[in-house]
Amino acid sequence: VQAVPLEPFLVRLRALGLLLGIATNDSEAVAYSNLDHCRIRHHFDFVVGADSGHGGKPDPGMLTAFARHTGLPETEIAMVGDSLHDLKAGRAAGMVNIAVLTGVATEADLAPFADHVLPDVGHLPKLLRGL
């Protein structure tokens with residue numbers, strides 16, 4: 001279930017000039033299948049799974065691979081995630097950590113590892129414009 005309508009949301013993020021990536025502990029094939037199912041694959045600059053050779057979260061390998069791929073310093077990248085594995089990886093990579101409360105983890109679980117906590121990704125554009 002989409003927390004927000006993804007196509008217009010991703011168009012909005014791209015309009016802000018953002019580069020977007022997916023780092024999942026699922027396989028890369030599953031990530032691409034999900035993106036294709038939602039018809040949003042074309043919005044992402046980088047997609048990596050736990051089987052892509054960069055390790056799995058909470059290790060930061062997938063995130064630092066995104067930084068290398070895009071040429072962005074880790075300190076200018078936001079890791080948006082809904083789990084402790086996501087946020088621990090983001091912290092280990094030196095990224096801004098943004099927790100979203102659309103997974104099973106609670107705000108109390110995620111807040112100690114997050115720089116910002118949002119109800120869902122729909123609140124990202126406003127936050128990112130302010131950073």
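**Close-up views of the predicted model**

**View 1. Elements that line the largest pocket.** Seven elements each supply at least two residues of the lining of the largest pocket: helices H1 (6-15), H2 (28-37), H3 (61-70) and H6 (124-130), together with strands E1 (21-24), E3 (78-81) and E4 (96-100). The model shown here and in the other views is predicted.

**View 2. Space and centre of the largest pocket.** The largest pocket holds about 1700 Å³ of space. Its lining is made up of 49 residues, and those closest to the centre are Gly21, Ile22, Phe44, Val80 and Val121.

**View 3. Classes of residue in the pocket lining.** Sorted by class, the residues that line the largest pocket are 36 nonpolar, 7 polar and 6 charged.

**View 4. The sheet E3-E4-E5.** Three strands form an open sheet in the order E3-E4-E5, and their pairing is parallel. E3 and strand E5 (116-118) are the edge strands, as each of them pairs on one side only. On average, neighbouring strands of this sheet are turned by 20° against each other, direction ignored.

**View 5. Pairing of E3 with E4, and the helix packed on the sheet.** Over 4 bridges, E3 and E4 pair in the parallel sense. Met79 has Asn97, in E4, as its bridge partner. Helix H4 (residues 84-93) packs on the sheet and touches both E3 and E4. The direction of H4 makes about 170° with that of E4.

Conventions: Residues are numbered from 1 along each chain as its sequence is written. This is a predicted model: local features need pLDDT of at least 70, side-chain atom pairs count only at pLDDT 80 or more; totals for chains, interfaces and linings use all residues. Side-chain values use heavy atoms; hydrogens and water are left out. On a 1 Å grid over the protein atoms alone, a cavity is a set of points where a 1.4 Å probe fits but cannot get out, and a pocket is an open set with protein on both sides within 12 Å along at least five of seven lines; lining residues have an atom within 4 Å of a point. Grid points are joined across faces, edges and corners, and a volume is the space filled by probe spheres set on the points. Ala, Val, Leu, Ile, Met, Phe, Trp, Tyr, Cys and Pro count as nonpolar, Asp, Glu, Lys and Arg as charged, and the others, Gly among them, as polar. Two strands pair if DSSP finds at least two bridges between them. Axes are lines fitted to C-alpha atoms, for helices over the stretch in contact, and angles run from 0 to 180 degrees between N-to-C directions. Contact means heavy atoms within 4.5 Å.
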